[in-house]
Amino acid sequence: TAVIIDGKAVAEKIQGHLRSQVEALVQKASRPPGLAVLMVGDNPASAAYVRNKERSCGKVAIASYGRHFPTETTQEELMQAIAELNEDDRVDGILVQLPLPKHLDAVAAINHIHPDKDVDGLHPVNLGRLMRGEPGLCSCTPAGVMALLKNYGIDPKGKQATIVGRSILVGKPIALMLLAADATVTMAHSRSPDLGAITRSADILVVAVGRPELITAEMVKPGAIVIDVGINRVTDYEGKSRLTGDVNYDSVKEVAGFITPVPGGVGPMTVTLLLQNTVKSYIRRLGLD
Ligand code: NAD
């Protein structure tokens, strides 16, 4: 059976390292790193993510300058808040928690963040930098996947990597990162016929779809490295709610070489990379390197 990739342990290790790095840097700088998470409305899932991000900031001594706006906030008010944070020297990272309420334009909001404070890596400038292989801030979940592979000594070089899902948040940036790491990359999506035929050739299979247990054992090459990005809330036959990934964990772990669980795989890495991006931006902005 597969080696379980322990995202929680890797995340804790990286956070510990970040904390000592920040403690050393704060001696030289006059302030701690700062992160501002902007949330609009009261989507309970978003609220839980934001709380988790702010709690994690505390763990590595990053100051939180988050703001929570009521649902009826206008686009102008949101843009104004972003503009103020762009100018605020204490703030190294700004992120807009998605999804926004329907009347707001998320793309316009993201495009308004200064690219060098865009710790979610979603600004077109940072996506362009990733595309061109230039240094920049890269999106947290994809970078978290790459960090997991690295921590388990998995080198994508020469491997066949298949990504299922082509979102701008996850699938596309992961494809570019694996390509930059010399994997041979295939992308599959909702319009790909015979998904199993495509996924079965993968040495590294990354799944970011949002369909509970879409990937079953017969779709996986024996020994493959399976990275499950999906987070789905499902209700079991007893009426109990639980989280599951896009991979049928119980069957796939019998054929895979490595597998990430849900929860406890990719999830803890996303927030860790957010902290890492904030520290990276802090170092760069204060010229501390
Ligand atoms: P999305 O809805 O934007 O994109 C889903 C992608 O899956 C699309 O490109 C679509 O073409 C593809 N797809 C849909 N149905 C398919 C099918 N039957 N077969 C093959 N491909 C199919 O979603 P997203 O933002 O990329 O998120 C994907 C999943 O990852 C969600 O479950 C989300 O909750 C999760 N997620 C997890 C983290 C984390 O920190 N672990 C971060 C972001 C997203």
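Predicted model: local features only at pLDDT ≥ 70, side-chain atom pairs only at ≥ 80, totals over all residues.
The domain assignment of the chain gives 30–114 as domain 1 and 140–268 as domain 2.

I then looked up strand 5 (residues 93–96), where G93 and L95 on one side and I94 and V96 on the other are all buried, so that both faces are covered. In a regular strand the side chains alternate between the two faces of the sheet. Strand 5 runs parallel to strand 2 (residues 34–40), to which 4 bridges join it, and I noted L95 of strand 5 as the bridge partner of V37.

Next I traced the open sheet, which 6 strands form with parallel pairing in the order 1-12-9-8-6-7. Strand 1 (3–4) and strand 7 are its edge strands, each pairing on one side only. Within this order I checked strand 8 and strand 9 (residues 225–228), which run parallel and are joined by 4 bridges; the partner of V207 in strand 9 is D228.

Last I turned to helix 7, which lies across strand 6, strand 7 and strand 8 and runs at about 165° to strand 7. Which residues of helix 7 (residues 171–180) are buried? I listed G171, P173, I174, A175, M177 and L178. Their cover includes helix 5 (124–132) and helix 6 (140–151), together with strand 6 (160–164), strand 7 (184–188) and strand 8 (204–207). After helix 7 comes D182, for which I recorded a positive phi, near 70°.

Notes
Residues numbered from 1 in each chain as written. Heavy atoms only, no water. Buried < 20%, exposed > 50% of the residue type's maximum accessible area, 1.4 Å probe, protein only. Helix = DSSP H or I, 4+ residues; strand = E, 2+ residues; numbered from the N terminus. Contact = heavy atoms within 4.5 Å. Pairing = 2+ DSSP bridges. Domains from an automatic or database assignment. Axes fitted to C-alpha atoms, helices over the stretch in contact; angles between N-to-C directions.
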